[in-house]
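Welcome! Open your viewer, get ready to select residues, and follow along one stop at a time.

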Amino acid sequence: MVATLIKQRRESIEQFQKGGRQDLAEKERFEVTLLEAMMPPPVGAAEIEEAVAKAVMETGATSPKDMGRVMKAAMAALAGKSVEGKAVNEAVRRKLAG
């Protein structure tokens, strides 16, 4: 939920900057700083790779066709941690491609 709020604030910052409203952009930056302090520390690449490797083994995935099952298992393993789905997606693609 907090990650969603941060994403919304970042989008607002971009729009305020385009509209020449630096005062409002600064307010949003301050709020992003406060919200980021509430987030758990981000998950490192090594932890993502480990979760993906475990998910591949658990699901028995062998090809990119199994991506959905692996993503679901990997995201479940990383639940409650600050992780971007895009980073997990890229790690799954790399693992299943080769």
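Predicted model: local features only at pLDDT ≥ 70, side-chain atom pairs only at ≥ 80, totals over all residues.

Residues are numbered from 1 along each chain as its sequence is written, and side-chain values use heavy atoms, with hydrogens and water left out.

**Stop 1: helix H3.** Select residues 45-59. Helices here are DSSP runs (H or I, at least four residues), numbered from the N terminus. Colour Ile48, Ala51, Val52, Ala55 and Val56, which are buried in H3 (under 20% relative accessible area with a 1.4 Å probe, protein chains only; exposed is over 50%). They lie on the same side of H3, because their arc around the axis is only 140° (taken from the directions from the helix axis to the C-beta atoms). Now turn to the face pointing away from that side: exposed residues there include Glu50, Lys54 and Glu58.

**Stop 2: helix H5.** Select residues 85-97. Val88, Ala91, Val92 and Leu96 are buried here. Their arc is only 125°, so they share the same side of H5. The face turned away from it carries exposed Lys86, Arg93, Arg94 and Ala97.

**Stop 3: Val52.** What is Val52 in contact with, leaving aside neighbours within four places in sequence? Show Val70, Ala74, Val88, Ala91, Val92 and Lys95 to see its partners (contact means heavy atoms within 4.5 Å).

Conventions
Helix = DSSP H or I, 4+ residues; strand = E, 2+ residues; numbered from the N terminus. Expected span 1.5 Å × (residues − 1).
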